[in-house]
Amino acid sequence: PQEGRFELNSRVSLVIPSDAPEVKGIADSLAEQLKLTAGISLKEAESADGKTAISFVVQEGMPKEGYKLSVTPSLITLTASQPNGFFYGVQTLYQLLPPAIYGKQLDKKADWSVPAVEIEDSPRFVHRGLMLDVCRHYVPIDYIYKFIDLLAMNKMNVFHWHLTDDQGWRIEIKKYPELTQIGSQRKQTVIGKNTGKYDGTPYGPYFFTQEEIKEVIQYAADRYITIIPEIELPGHALAALATYPELGCTGGPYEVCQMWGVFPEVFCPGNEKTFEFWEGVLDEVAELFPGEIIHIGGDECPRDAWKKCKKCQARMKQEKMKEEGELQNYTVHRIEAYLKEKGKRILGWDEILEGDVSKTAIVMSWRGKTGGIKGAKRGNEVVMVPNDYAYFDYYQSKDIANEPFAIGGFVDVAKVYSLDPTEGLTAEEGKKIIGVQANLWTEYITTFSHAQYMLLPRMAALAEVAWTPQEAREYSNFLNRAKLLTQRYEALGYNFAKHILQESKSNE
């Protein structure tokens, strides 16, 4: 903190490097938002000399996502080496401005000034993500954009898009059009937690076209967010099997699942046609998504059907396998090799560690931290997503009677904030933890308003875990900033859990 404030008014100039078009785009977006919410039009100038100005300065050698923000009463200087850093510096500038900056209309009553500060900042982890499940309950495309806005606001850079599962196939595959004709809809949906009662209402067809996805990818890229698509295999397969029953061990009949859970009907890795299908799907996914990583699931795959399947047993004999778990390992290895030829890396849930998975596979540890610790110790890169800290479909209050219906469990803001992703590892092993993420599974989340409630403000706590060094974090300090955080949510019109306000009040 420094002395004084920088006053925003119509005399402020905007200085942008002439040879940095991406930086100009970021600066222009800041100017547009200030004009919209503060009614202030910044004037472009070639230099900040002798002017009251906001100046963007390129400085080589800084961390890719790092920035420096210097605010004096007469000059705001934002310095970075890459557009990513400039983007995050602007997000910090928004945080220093009144919450009205996040709105969509003019607010003349707000104090349009910025406190004088010197900030040098860069993130702890390169993967700072959120997973959204659109299979159990579909999210209309407009809300996907709002979800990305939430990520950007919190300086998060990965959108993990869970696109296929037992209850619905949500991505158009041109080679297999029946996937969205058949697999994107279910006859009805179970009421509650597998009560045996159903709503009797057809669900779907709901899916995203490749053109829609391309536009979403570009929208995310403009906010320095990479999208990781997830195509589940070899389990969670019923939507695909309902479409192509020959890819299952029994040949069906199958149907898109109407309830929640883990089911014995899985893909048949003994059948060469199954690999042809996976490769055909992944060809289009790899071409569509420019990011390096594709998530292949790999979790919760019962193997009972493989024990009875002649094709699976023949494959095991041919490959000299002793037990069915090796079939899953064979599948992961083969798919990884195929995607590697396309310049892609695989990411999988921690079950992929049950076989001798390659060191180039990335492990996503969801069953607590154990899988992540194991993966890091054996040399794999790891994203920590422990369910007891980072599953945002869990209740965030013990007052369940006054909470929206949820899957169960309890993860409040304090628990999210207490996550130390490298705990239990040496400093060298800890380098293998490349990031953290939260998951929002949607069995019981049917609207985007409900999704917002489950995300906010837990998402902000996770964002700080992902960004800020462990030794610099303090929960009471986070709570002191929580009131302002909720004012930003209100300016954006978001639904959020208000428990954090009660906690911050008791903390005063």
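## Basis of the description

Because the model is predicted, local features need pLDDT of at least 70 and side-chain atom pairs count only at pLDDT 80 or more, while totals for chains, interfaces and linings use all residues. Residues are numbered from 1 along each chain as its sequence is written, and side-chain values use heavy atoms, with hydrogens and water left out.

## The barrel

Eight strands form a closed barrel in the order β9-β10-β13-β14-β15-β16-β17-β18, with parallel pairing; strands, like helices, are DSSP runs numbered from the N terminus (E, at least two residues, for strands; H or I, at least four, for helices), and two strands pair if DSSP finds at least two bridges between them. From one strand to the next the twist averages 30 degrees, where axes are lines fitted to C-alpha atoms, for helices over the stretch in contact, and angles run from 0 to 180 degrees between N-to-C directions. Strands β10 (residues 158-162) and β13 (residues 226-233) pair in the parallel sense over five bridges, and histidine 162 has glutamate 230 in β13 as its bridge partner.

Histidine 127 belongs to strand β9 (residues 127-133) and is buried at a relative accessible area of 5%, buried meaning under 20%, exposed over 50% and partly exposed in between (1.4 Å probe, protein chains only). Leaving aside neighbours within four places in sequence, the contacts of histidine 127 include Asn157, Ile228, Met364, Val383 and Gly435, contact meaning heavy atoms within 4.5 Å. Helix α11 (residues 370-378) lies across β16 (362-365), β17 (382-384) and β18 (433-440), and runs at about 160 degrees to β17.

## The nonpolar core

The largest nonpolar core has 173 residues, of which Phe56, Trp161 and Phe277 touch the most other members; such a core is a set of buried Ala, Val, Leu, Ile, Met, Phe, Trp, Tyr and Cys residues joined through side-chain atoms within 4.5 Å. Helix α3 (residues 141-153) gives the most to this core, with nine residues. Beyond its neighbours within four places in sequence, tryptophan 161 is in contact with residues including Leu132, Ile144, Phe208, Pro229 and Phe289.

Valine 90, in helix α2 (residues 83-96), is buried with a relative accessible area of 2%. Not counting residues up to four places away in sequence, valine 90 touches Ile26, Leu30, Phe56 and Leu78.

## Aromatic pairs

The structure holds 31 aromatic pairs, counted where rings of Phe, Tyr and Trp (its six-membered ring) have centres within 6.5 Å, with planes under 30 degrees apart called stacked, over 60 edge-to-face and the rest tilted. The rings of phenylalanine 147 and phenylalanine 159 have centres 5.1 Å apart and planes at 55 degrees, so this pair is tilted. Since phenylalanine 147 lies in helix α3 and phenylalanine 159 in strand β10, the pair ties together parts that are 12 residues apart in sequence. Phenylalanine 147 is buried at 1% relative accessibility, and phenylalanine 159 is buried at 0%.

## Helix α9

In helix α9 (residues 310-318), the buried residues are Cys312, Arg315 and Met316. Seen down the axis of α9, these buried residues fall within an arc of 100 degrees, so they line one face of the helix; the arc is that of the directions from the helix axis to the C-beta atoms. Lys310, Lys317 and Gln318 are exposed on the other side of α9, whereas the cover over the buried residues includes α7 (272-288), α8 (304-308) and α10 (325-340). Lysine 320, which follows α9, has a positive phi near 55 degrees.
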